Amino acid sequence: ARPGNDDARRVTATWKETFLVGFTGIRGVVSLVAALSIPEMVGAEPFPDRDLILFVTFCVILASLVGQGAALPKVIEYLGLDKAGAAEAESAKRNEVTARVAGIRAALDRLKELVGRGTAARSAASLQRLHEDRLTAFIHTGDGGIDGAPVVEAAGIQLQLVAAERASIASQYAAEKLTDEARRRIERELDLEDARIRHAADSASGKGFWEI
């Protein structure tokens, strides 16, 4: 991590967040330990009301866990932290899409520099189309909200293409037209491509895309 990164990103909690942390804190652990540490005998006599103390402690812990646990969703809603969390997630996703757009534009600028030097002359056109398509998809995502519809739609099609390619490779391997080493290498590439597509769609939409 870079020096000062943690300090720069540290955010002061509001009173609502502090209250919620206190409300959901561990309850009854110290009380239970203290109650169980009571000796059964004091000299030759049983410790007075030891069983009652244990029973009351257990009831308090049960009421804290069950009662507070059941009330937690209502407390979060009353404090308005559910809406605040959703707004924060939406803002973070928009910032992520904006950062991706800036990154793709930086890549395109770098590609232009390489073309100007004659370094990437052969593959420049295809790489430019690839990054321009990505740029367009993320710009539309940013304009239309965080649903990420263009990226998600394209990702769904890409995954079907990867699946078709995977099935073809498996068929060729079964027909002994492909060595096991080559099959493993291609499968690894397809796995990485599959993961890249899913992560890109998840990043654009803010929702899990792993069920596809």
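Asp180 and Arg184 pair up in a salt bridge, with their closest N and O atoms 2.8 Å apart; a salt bridge here is a side-chain nitrogen of Lys or Arg within 4 Å of a carboxyl oxygen of Asp or Glu. Both residues sit in helix α8, 4 residues apart, about one turn of the helix. Keep in mind that this is a predicted model: local features need pLDDT of at least 70, side-chain atom pairs count only at pLDDT 80 or more, and totals for chains, interfaces and linings use all residues. Residues are numbered from 1 along each chain as its sequence is written, and side-chain values use heavy atoms, with hydrogens and water left out.

**The chain overall**

- The secondary structure comes to 8 helices and 2 strands; helices (H or I, at least four residues) and strands (E, at least two) are DSSP runs, numbered from the N terminus.
- Of the 212 residues in the chain, 21% are buried; buried means under 20% relative accessible area, exposed over 50%, and partly exposed in between (1.4 Å probe, protein chains only).
- The chain has an accessible surface of about 15,100 Å², and 59% of that belongs to carbon and sulfur atoms; accessible areas come from the Shrake-Rupley method with a 1.4 Å probe, and for residues only the protein chains shown count as cover.
- Take the contacts between residues at least 6 apart in sequence: 62% of them join residues at least 24 apart. Contact means heavy atoms within 4.5 Å.

- The salt-bridge count comes to 8.
- Back to the opening pair: Asp180 counts as partly exposed because its relative accessibility is 28%, while Arg184, with a relative accessible area of 54%, is exposed.
- Glu181 and Arg185 form another salt bridge, with the closest N and O atoms 3.8 Å apart.
- Glu181 and Arg185 also both lie in helix α8, 4 residues apart, about one turn of the helix. Glu181 is exposed at 59% relative accessibility, and Arg185 is partly exposed, with a relative accessible area of 46%.
- Salt bridges that share partners tie Arg166, Glu187 and Asp191 into one network.
- Within it, Arg166 bridges to Glu187, the closest N and O atoms being 2.8 Å apart. That pair links distant parts of the chain: Arg166 is in helix α7, Glu187 is in helix α8, and they are 21 residues apart.
- Glu187 is buried because its relative accessibility is 16%, whereas Arg166, at 23%, counts as partly exposed.
- Leave aside the neighbours within four places in sequence, and Glu187 is in contact with Arg166 and Ile169.

**How α2 and α4 sit together**

- The axes of helix α2 (residues 15-23) and α4 come within 11 Å and cross at roughly 180°. Axes are lines fitted to C-alpha atoms, for helices over the stretch in contact, and angles run from 0 to 180 degrees between N-to-C directions.
- So α2 and α4 are roughly antiparallel to each other; angles under 35 degrees count as roughly parallel, over 145 as roughly antiparallel, 65 to 115 as roughly perpendicular and the rest as oblique.
- On the α2 side, Trp15, Lys16, Phe19, Leu20 and Phe23 do the meeting; on the α4 side, their partners are Gln68, Ala71, Leu72, Val75, Ile76 and Leu79.

- Leu52, Phe55, Val56 and Val60 make a nonpolar surface patch of about 380 Å². Patches are made of residues with over 30% relative accessible area and no salt bridge: like charges are joined within 9 Å, nonpolar side chains (Val, Leu, Ile, Met, Phe, Trp, Tyr) within 5 Å.
- Phe55 belongs to helix α4 (residues 50-79), and at 52% relative accessibility it counts as exposed.

**Two loop residues with positive phi**

- Asp49 isn't a glycine, yet its phi is positive, at about 60°. You'll find Asp49 in the loop between β2 (45-46) and α4, where it is exposed, with a relative accessible area of 55%.
- Glu176 is a residue other than glycine with a positive phi, near 60°. Glu176 lies in the loop between α7 (149-174) and α8 (180-205) and is exposed, with a relative accessible area of 72%.
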